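This report covers salt bridges and disulfides. Please have the sequence and the model open while reading.

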Amino acid sequence: MRLLDAGIGMCAAILAVGVLAGPAHAEEQGPGRDLRATGWALKDTGQTSRFRGLAAVSRSTAWVAGSKGTVLRTLDGGRSWQDVSPPGAVAEQLELRDIEAFDARRAVALSIGEGEASRVLRTEDGGATWTETFRNPDPRAFYDCLTFFDARHGLAMSDPVDGKFRILSTDDGGRHWRVLPSEGMPEALPGEAGFAASGQCLVSAGPRDVWLATGGAATARVLHSADRGRSWRVAESTVPAGDPARGVFALAFRDRTRGLAVGGDYRTGQASPQAAAVSADGGRTWRGATTPPPAYRSGAAWYPYTGGTALAVGPTGTDVTTDGGRTWRPLDAGSFDTVDCAPDTGCWAAGEKGRVARLERR
């Protein structure tokens, strides 16, 4: 979203599948099912960049991407971080707002901005080298988020061009990209766009389902495609909009039916009532949380091996739900922009001033 290119702009679907089908003992390695005795343990990155892109591979391995073209990777649970930033992104001070990692060596990162500032970068060697695989040639396009269904198939989304959201597709792991036809995309509302706030305005679950979150218009909407972005249906959410700073900022789907939406008004000091919603039918309908988070939230993630536990993060704190998003309670007061959980219950959060943390028992 253009309004946010100076300050605000899911893990890969293969990880989401692992969350549902992973080893039963993995829960014992993590913070615990109800999270009541857990909190964020900060990990010193030695950086000051703002990290809005995050990919949790495991409790030991995570990637973060952020301002000034910065990409970091840890292989030891955050005790140490490798600066694996793409040299070109650093030189041009690109805003990296999303990163999707398949494992400790393969990752795809998205930079945001108008025209050629929107790019996709890929590494196969843990960030030792990067290849630019897409550079947006259209000055009207502004890419916000990307997601992968598996190690080959993925999508990226742009704010509307010619009245419709634009979808970019890859079927070779991000090596090549093409713009999908727009015939199956509904018309965008006046002022409608996505928020490049946490890498979660475009999320997927399973091999074909993908959801797109919007804001900035009279209504905050969620678009769903069951065929990897070729055709879409649209639903209104209960998250307030009606202003360029308000709407749905992040989505999280546990599977192809159960989803969460969080957002609000990102401006400091502005109230964000009804900042969370839940869907039980794949995004066809949404209902507001009975007890929503108390303020704007920009990121959300389901906690593995639980029926209804999830996390939501934002600049004023972290909230947790244990009933599938109907009610939320505070968990932590620290500032984070994005959150992601790996199949082995490794949950990570990242945000301003180089802040990265892992969820741990207190």
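## A partly exposed arginine and its partner

At 27% relative accessibility, R50 counts as partly exposed. Here buried means under 20% relative accessible area, exposed means over 50%, and partly exposed lies in between (1.4 Å probe, protein chains only). R50 forms a salt bridge with D337, with 2.7 Å between the closest N and O atoms; a salt bridge is a side-chain nitrogen of Lys or Arg within 4 Å of a carboxyl oxygen of Asp or Glu. R50 sits in the loop between β1 and β2 and D337 in the loop between β25 (329-332) and β26 (338-341), so the pair ties together parts that are 287 residues apart in sequence. D337 is buried, at a relative accessible area of 1%.

## Basis of the model

This is a predicted model: local features need pLDDT of at least 70 and side-chain atom pairs count only at pLDDT 80 or more, while totals for chains, interfaces and linings use all residues. Residues are numbered from 1 along each chain as its sequence is written, and side-chain values use heavy atoms, with hydrogens and water left out. Helices (H or I, at least four residues) and strands (E, at least two) are DSSP runs, numbered from the N terminus.

## Other salt bridges

The structure holds 22 salt bridges. One of them joins E360 and K43, whose closest N and O atoms are 2.6 Å apart. E360 lies in strand β28 (residues 356-361) and K43 in the loop between β1 (38-42) and β2 (51-56), so this pair ties together parts that are 317 residues apart in sequence. K43 is buried, at 16% relative accessibility.

E192 and R221 also meet through their side chains in a salt bridge (2.9 Å, N to O). E192 is in the loop between β13 (178-179) and β14 (202-205) and R221 in strand β16 (residues 221-225), so the bridge connects parts 29 residues apart in sequence. Both E192 and R221 are buried. Salt bridges that share partners also join E92, E116, R119, E132 and R135 into one network.

## Disulfides

A search of the whole structure finds two disulfides, each a pair of cysteine sulfur atoms within 2.5 Å. C145 is joined to C201, at 2.0 Å from S to S. This pair links distant parts of the chain, 56 residues apart: C145 is in strand β10 (residues 142-148) and C201 in the loop between β13 and β14. C145 is buried at 0%, and C201 is buried at 0%. Their link is right-handed, with 120° about the S-S bond.

C341 and C347 form a disulfide with sulfur atoms 2.1 Å apart. Their link is right-handed, with 110° about the S-S bond. C341 counts as buried at 3% relative accessibility, and C347 at 0%.
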